[in-house]
Amino acid sequence: MKAVLGWLKSHVLIVVFGFLILLLPPAGVVGSMMWNDKIRTGAEELYNDEQQKIDRAGRVSYKVPAIVEGEEPPGETRAPNTVVSRAYHAERERRQAEIEAVVRNAVEFNRGDDRAVLVEGLFPDTPEGAEGRRLIDAFVERIVGTEDAPSAYDALFESINAGDAPETVDVARAVSQFRERELDRLVGSDDVSALTEEQREELDEALVSFRIAQYRQRADEVSVYATPEVLHSDALSEYSSIPSEIPESRPGIDAAFVMQMDFWAVEDLLAAIARANSEAGGLLIEVPRSSVKRIESIRIHAFDEAIADEDGSAAANISAPPGFAPSRAPSRAPSRAPSRAPARQGRGGPTGPAEQTPSQSHTGRDVAESDLFDARTIELEAVVASDRVVDIFDALAATNFMTVTRMAASEVDIWEDLNEGYFYGGEHVVKLTLSIESIWLRQWTRDAMPEAVRNALGVVLPEPAAEEVPEEEGEVSP
């Protein structure tokens, strides 16, 4: 053993190199295998990346935008193809043109052919000083009317051939004169005691028939019983206040604009009633044949978010009506025109607003977030022919974006109404209470909005289109 150790000590280099000869080959094999795996993994990753790039370059996704919610428009992923690309491009252009046409037609339908403000030059930028005050005064006079010129509302009701029942005094006078003639015919004098029992019955029947004939005559002269008084049936804060007299103080431009919006809402509603009360050729028919026989009240829901005048006083109120959420805060529709003039009491008497919750509206607009429109809610109480209620709904939809969101019907005491002069004919009638949702597209109403109203509603005017500068001859556009 000592000899071996001695030899190892004397031949250290031989021993070391011997061990290295034995160890290096296995270590080299292990190291080369690890290095090879690393190189292979890097090469594979590089290859995969390049392959994906090649695949992506060789395949494109074709798709077109959906027009309506829930639609699954055509689309595919495939190798690029000139013919296919042109086909999808044409389809996109066709859909875009269709969308633009729908929007254009919707705006034209909502605005109408002859929709105009009551006083030119008042909206949206009212002149300052005396000229601005003159325009606002002229606007208020158009709303309430003067001795020299009727109210704009009077003209609206006249356009649908609306009128009131005959005056009680006039009917009583005519009946009295008829009674005198009948007494003279029966007994040759005005002595009622000279009548026999049979003659008394004959006279009573004749007087009833004559009175009804007076009511029938008036019913044949008008298409619907209604006067502007139905707009002033109450002074409840839930509803817009449409003034019937000149206010004590001049309203601001913002309040005037809300009064204008109220007028447009009534204008559309009466136009729909006229449509329902017209024959196929558009000729208005008389009350005994009409769908809407009597309007008892028209009320527009008020709003309660104040817009301030320039002096800081409240000029108009804007917010969501009872039972409806705003389309998007602060996207709310103007709707209340404040007035210090006392409201006139209508025949129907004041009634409260219809109870309604957002979930009851089937239009879905109560929860929609939109900057495109403002929603107004109108309450209509009317006596209508029970078998033509659907015709009234159709007339509302055909006139503008108006949808009935709530309806209540009740019986009508036709004899009590007849005693007041309202003759409805031989049709069965009901008293209908409707909540009507009316939509106003901002694409055209914003053009008339004063700045304070636009700011309160969050309405932003579109940027003016940049004018194209003609290129000088010889220049090439980039």
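In this predicted model, helix α8 meets helix α9 through D268, L269, A271, A272, R275 and A276 on the α8 side and D391, I392, A395, L396, A398 and T399 on the α9 side. Sorted by class, that contact holds 8 nonpolar, 1 polar and 3 charged residues. The protein chain around this pair has 12 helices and 11 strands, and 38% of its 478 residues count as buried. Of the contacts in the protein chain between residues at least 6 apart in sequence, 75% join residues at least 24 apart.

**Helix α9 and its packing against α8**

- The crossing in which α8 passes α9 is right-handed.
- Within α9, which spans residues 389-399, the buried residues are V389, I392, A395, L396 and T399; because these residues cover an arc of only 115° around the axis, they lie on the same side of α9.
- Of these buried residues, I392, A395, L396 and T399 are also listed in the contact with α8.

**Helix α8 and its packing against α4**

- Helix α8 also packs with α4, at an angle of about 30° and with the axes 11 Å apart; because angles under 35 degrees count as roughly parallel, α4 and α8 are placed in that group.
- The crossing in which α4 passes α8 is left-handed.
- On the α4 side the contact is made by I136, F139 and I143, and on the α8 side by I253, A256, M259 and Q260, a set that divides into 6 nonpolar residues, 1 polar residue and no charged residues.
- I136, which lies in helix α4, has a relative accessible area of 9% and is therefore buried.
- When its neighbours within four places in sequence are left aside, I136 is in contact with L122, R250, P251, G252 and I253.
- The C-alpha atoms of I136 and G252 are 7.9 Å apart in space, although these two residues are separated by 116 residues in sequence.

**Helices α6 and α7**

- Helix α6 (residues 168-187) and helix α7 (residues 197-219) pack at an angle of about 150°, with their axes 10 Å apart; because angles over 145 degrees count as roughly antiparallel, α6 and α7 are described in that way.
- The crossing in which α6 passes α7 is right-handed.
- Helix α6 contributes V171, A174, V175, F178, R179, R181, E182, L183, R185, L186 and V187 to this contact, and helix α7 contributes Q199, E202, L203, A206, L207, F210, R211, Q214 and Y215.
- By class, the contact of α6 with α7 has 12 nonpolar, 2 polar and 6 charged residues.
- A174, a residue of α6, counts as buried because its relative accessibility is 17%, which is under the 20% cut-off.
- With its neighbours within four places in sequence left aside, A174 is in contact with F210 and Q214, both of which are listed on the α7 side of the helix pair.
- The C-alpha atoms of A174 and R211 are separated by 8.4 Å, and the two residues are 37 residues apart along the chain.

**Backbone details in loops**

- A cis peptide bond, with omega at about -5°, joins F123 and P124, and P124 lies in the loop between α3 and α4 (130-144).
- N161 has a phi near 55°, which is a positive value in a residue other than glycine.
- The loop that holds N161 runs between α5 (152-159) and β3 (162-163), and N161 counts as partly exposed because its relative accessibility is 29%.

Key:
Residues numbered from 1 in each chain as written. Predicted model: local features only at pLDDT ≥ 70, side-chain atom pairs only at ≥ 80, totals over all residues. Heavy atoms only, no water. Buried < 20%, exposed > 50% of the residue type's maximum accessible area, 1.4 Å probe, protein only. Helix = DSSP H or I, 4+ residues; strand = E, 2+ residues; numbered from the N terminus. Arc of directions from axis to C-beta. Left-handed = near helix turned anticlockwise from the far one by under 90°. Contact = heavy atoms within 4.5 Å. Nonpolar A, V, L, I, M, F, W, Y, C, P; charged D, E, K, R; others polar. Axes fitted to C-alpha atoms, helices over the stretch in contact; angles between N-to-C directions. Parallel < 35°, antiparallel > 145°, perpendicular 65-115°, else oblique.
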